[in-house]
Each structure stands twice: as structure tokens, then as C-alpha cells.
Amino acid sequence: MFSFKAVPVLLAMLVAGAHAESHTVHFTNRCGHGTPTLIQGGRVLSTGGDFTSNGPLVAAIAYLQTGNCGFNGEGCTLVETTLINPTSPGSGSSTDISLIPPHSFSVTSGFGYFNGCDGAGANCASANCNTAFHNPNDNQVQVACQSNNVNLAITFC
């Protein structure tokens, strides 16, 4: 039997669900070869299609698998990302490009946030680009975003 006492609880659940954290990673591959790959915690999340997380996407990596990359992007240009809604000033999403060995330049790679922090991102078009980590102390190359439910577009070539 339906109880009108349950209506406020149902409404609260609907409102909470409508405001749940979500992030989408979108790939564009202009190289004409290779497979965009998104991995988190040793699990393949996408091989080119959009991936949407229902909640934070923490410590994910992306690269263009050209046949020369290891499972974790070894030997290739790596995009590292954490997409998470900020809980305090200075927290939130962070994305970067890494060429720290065993990663190395393989193809032009770039990223940009959308649906928040639009225009913030980075591109790396050569092995000596100044927008990528070359050593662990290159923290200035990290691109932060303090918007809720921000999405990420990753482009190769």
C-alpha cells in the first residue's frame, strides 16, 4: 500500500540522484591509426568510445595504443587525470601529460576540460614540449579545474 509519508523521502532521493557527480571522457583520434585507451586501476574503461563515470574518476590514464605501448602506456605519451568535484578550495580535478620514463613521446596529445573550466588544457606536439612532465618535479604542467561535474576531451594528432 502506498503511503503519503514516503513522498518527501522519494523526492529527496530524486533530487539527490539528479545532482549526483558524473564525469565524461571523450576521445578524438585524428591520427588515422591507433586505439584511444582509458585505464583505471589495471582495468580498461574505454577503447575509444566516451566513458562516463558515475562518481569521481581517480588516477585514470589515457594514451593512443599504436601497438608500441605497454598496458600502462609505457613507451607512449600519457595523459593522467583525476576528475572529481571539489570539496574545498584547491581541491578538484587535475590532468596532465607525462613523458616521464618509461613513458615517451609517441604522438601529439592534448586535453581540454569542457562543461566547466572551458579552455583550460594542454597540448604536447614534440618530445621536448614544455607542457608535459619530463621529471616528477614538473608540477607546473598540471592543469586544475574547480568545477563540479567537469568533463575531459582528449585529442591525438
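Mentor: A residue is called buried when its relative accessible area is under 20%. Please keep in mind that this is a predicted model.

Trainee: Why is Y113 called buried?

Mentor: The relative accessibility of Y113 is 4%, and the limit is under 20%, so Y113 counts as buried.

Trainee: How many aromatic pairs are there?

Mentor: The count comes to two aromatic pairs.

Trainee: What makes the pair of F27 and F156 stacked?

Mentor: Stacked rings have planes under 30 degrees apart. The planes of F27 and F156 stand at 15 degrees, with ring centres 6.2 Å apart, so this pair is stacked. F27 belongs to strand β1 and F156 to strand β12, 129 residues apart, so the pair links distant parts of the chain. F27 has 6% relative accessibility and counts as buried; F156, at 0%, also counts as buried.

Trainee: Why is the pair of F111 and Y113 called edge-to-face?

Mentor: That term requires planes over 60 degrees apart. The ring planes of F111 and Y113 are at 75 degrees and their centres 6.4 Å apart, so the pair is edge-to-face. F111 is buried at 6% relative accessibility.

Trainee: What makes β6 and β7 a pair?

Mentor: Five bridges connect β6 and β7 in the antiparallel sense, against a requirement of at least two. E80 stands opposite D96 in β7.

Note on methods:
Residues are numbered from 1 along each chain as its sequence is written. This is a predicted model: local features need pLDDT of at least 70, side-chain atom pairs count only at pLDDT 80 or more; totals for chains, interfaces and linings use all residues. Side-chain values use heavy atoms; hydrogens and water are left out. Helices (H or I, at least four residues) and strands (E, at least two) are DSSP runs, numbered from the N terminus. Rings of Phe, Tyr and Trp (its six-membered ring) pair if their centres lie within 6.5 Å; planes under 30 degrees apart count as stacked, over 60 as edge-to-face and the rest as tilted. Buried means under 20% relative accessible area, exposed over 50%, partly exposed in between (1.4 Å probe, protein chains only).
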